[in-house]
Amino acid sequence: MTVSTSHASTTTTLGDDVVMLGGLISVVRTDSETTYRVTGSVDLSNSSTFSDVVSHDVEAGHSIVLDLSGVDFFGTAALSVVAGLDDRSVANGCRLTLVVGDAVTRVMGAARWEPTARVVR
């Protein structure tokens, strides 16, 4: 198991998983897709880490499942990251699936944002 720490001790990497301030991103890779399971809070304090972790596979054109159903707080900075991922996934020919719960659904509704990605509740 690889353990590394960055961002002034606010982010810790355990193998592919990332413990960030206020949340956790668990990463599961298969031959056909990568699943990012996010729990906790995603807001301005950790949105850049969130973006850094999930952007690599989008840029490479891999299929991605972004499971946000375990997120209990989803800020507008997090929505900006996901909207950017949605745009880049289309541009790179990557299939993006968003699994959302109540916190994410509320913010998407308030912003009146309808992603191109497949959304699963």
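A residue is called buried when its relative accessible area is under 20%, exposed when over 50%, and partly exposed in between, using a 1.4 Å probe and protein chains only. By that rule, 46% of the 121 residues in the protein are buried. The model is predicted, so local features need pLDDT of at least 70 and side-chain atom pairs count only at pLDDT 80 or more, while totals for chains, interfaces and linings use all residues. Residues are numbered from 1 along each chain as its sequence is written, and side-chain values use heavy atoms, leaving out hydrogens and water.

**The whole chain**

Show the cartoon first. The protein has 3 helices and 8 strands. Helices (H or I, at least four residues) and strands (E, at least two) are DSSP runs, numbered from the N terminus. Follow the chain from the N terminus and the order of elements is β-β-β-β-β-α-β-α-β-α-β. Contact here means heavy atoms within 4.5 Å. Of the contacts between residues at least 6 apart in sequence, 53% join residues at least 24 apart.

**Helix H1**

Select residues 47–59, which form helix H1. H1 has 13 residues, and from its first C-alpha to its last it reaches 18 Å, close to the 18 Å expected at 1.5 Å a residue. The expected span is 1.5 Å times one less than the number of residues.

Now centre on Val53, where H1 bends by about 30 degrees. The bend at a residue is the angle between axes fitted to the seven residues ending there and the seven starting there. Val53 is also one of the buried residues of H1, and others among them are Thr49, Phe50 and Asp57.

Move to Asp52, also in H1. Is Asp52 buried or exposed? Asp52 counts as exposed because its relative accessibility is 53%. Its C-alpha atom is separated by 9.6 Å from that of Val81, a residue 29 places away along the chain. After H1 comes Gly61, which has a positive phi near 80 degrees.

Keep both helices in view. The axes are lines fitted to C-alpha atoms, for helices over the stretch in contact, and angles run from 0 to 180 degrees between N-to-C directions.

Select Ala78 in H2. Ala78 is buried, because its relative accessible area is 0%. Setting aside residues up to four places away in sequence, Ala78 touches Val42, Ser47 and Phe50. Ala78 and Asp43 are 35 residues apart in sequence, but 5.5 Å apart in space, C-alpha to C-alpha.

Next, go to Ser89, also in H2. With a relative accessible area of 2%, Ser89 is buried. Apart from neighbours within four places in sequence, Ser89 is in contact with Val58, Cys94 and Leu96.

Now show what covers the buried residues of H2: this includes strand E5 (33–42), H1, strand E6 (63–74), strand E7 (96–99) and helix H3 (102–111). Just after H2, Gly93 has a positive phi of about 70 degrees.

Select Leu96, in strand E7. Leu96 is buried, at a relative accessible area of 5%. What does Leu96 touch, not counting residues up to four places away in sequence? The list is Ile64, Leu66, Leu85, Asp86, Ser89, Ala117 and Arg118. Leu96 and Glu33 are 63 residues apart in sequence and 9.6 Å apart in space, C-alpha to C-alpha.

Finish at Arg112, in the loop between H3 and strand E8 (118–120). Arg112 is exposed, with a relative accessible area of 76%. Although Arg112 is not a glycine, its phi is positive, about 55 degrees.
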